[in-house]
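Visitor: I would like to learn how to read the features of a model like this one. Could we take them one at a time?

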Amino acid sequence: MELTLEDAREKGEVQRSYYLMLHVIAHNGLSVALLKAPPGALDAALTGLTQGAALHYDATVFERLVNDWCGSDGVELAPGFQSYAMEHLGGEACVASVLRAGNGLDLRDPATLSLLGEVAMALKLVYSKCGDAFPTHLINSVLPKLGLPQEVQQLLVYHLRESEAKDLKECLRQILQQAAQQQGGK
């Protein structure tokens, strides 16, 4: 069966409504209630969050869950969530989706710069909760798949570990700007 334009619009509305519901749950202090959901429902909710964060560049719900579920003392409320946060929030929703979309982002647009600031803050949050396992994951799994030169990968990881979020944001902006210049030169 072929998907019509109206079907696609309705599907998009359902996805946005579902993501909004999860957003409300997380931002009203009810994220612990998600942990009490049956495993299949929790998996579906996290999958919805992952897709929403990657498609709409909105990591605010994930940030809330990372704060709530990844203890700073290494104790997780949701076992395995640190790995999930590294892979899906830090790796996919923040780094990979933004760098893949780089050609479609106008680096002079204040909204784009705001987005890069949010991404940088989310990356710093995941690093603060997951430690050096996160940059290791980026270097071993995420960044090579994006085709970034080794020195750019090292620079990004350096800023993740050592810099403030504003410097990481600037690093991301420069990476996107270089990618756009390379695309324009081809």
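Visitor: Does Arg9 count as buried, partly exposed or exposed?

Guide: This is a predicted model, so the values are computed from predicted coordinates. Buried means under 20% relative accessible area and exposed means over 50%. Arg9 has 43% relative accessibility, so Arg9 counts as partly exposed.

Visitor: Which residue forms a salt bridge with Arg9?

Guide: Side chains of opposite charge can pair when their charged atoms come close. Here the partner is Glu6, and the closest N and O atoms are 2.6 Å apart.

Visitor: How many salt bridges does the structure hold?

Guide: There are four. One of them joins Arg108 and Asp106, with an N to O distance of 3.2 Å. Arg108 is exposed at 72% relative accessibility, whereas Asp106 is partly exposed at 33%.

Visitor: Where do Asp132 and Arg161 lie?

Guide: These two also form a salt bridge, with the closest N and O atoms 3.2 Å apart. Asp132 is in the loop between helix 6 and helix 7 and Arg161 is in helix 8, so the pair ties together parts that are 29 residues apart in sequence. Asp132 has a relative accessible area of 46%, and Arg161 has 34%; Asp132 is thus partly exposed, as is Arg161.

Visitor: How many helices and strands are there in the protein?

Guide: The protein has nine helices and zero strands. Of its 186 residues, 42% are buried.

Visitor: Which residues touch the most other members of the largest nonpolar core?

Guide: For a core, look for buried nonpolar residues joined through their side chains. The largest one here has 53 residues, and those that touch the most other members are Leu46, Leu49, Leu65, Trp69, Phe81, Leu123 and Phe134. Among the elements that give two or more residues to this core are helix 1 (5–27), helix 3 (39–56) and helix 9 (165–185). Helix 5 gives the most, with eleven residues.

Visitor: Beyond four places in sequence, what is Trp69 in contact with?

Guide: Its contacts include Leu34, Leu35, Leu42, Leu46 and Phe81, and also Ser31 and Glu76.

Visitor: What share of the contacts with a separation of 6 or more joins residues 24 or more positions apart?

Guide: The share is 66% for this protein.

Visitor: And how much of the accessible surface belongs to carbon and sulfur atoms?

Guide: They hold 54% of a surface of about 10,300 Å².

Technical notes
Residues numbered from 1 in each chain as written. Predicted model: local features only at pLDDT ≥ 70, side-chain atom pairs only at ≥ 80, totals over all residues. Heavy atoms only, no water. Core = buried A, V, L, I, M, F, W, Y, C linked by side-chain atoms within 4.5 Å. Buried < 20%, exposed > 50% of the residue type's maximum accessible area, 1.4 Å probe, protein only. Helix = DSSP H or I, 4+ residues; strand = E, 2+ residues; numbered from the N terminus. Contact = heavy atoms within 4.5 Å. Areas by Shrake-Rupley, 256 points an atom, 1.4 Å probe, with all protein chains shown as cover. Salt bridge = Lys/Arg side-chain N within 4 Å of Asp/Glu carboxyl O.
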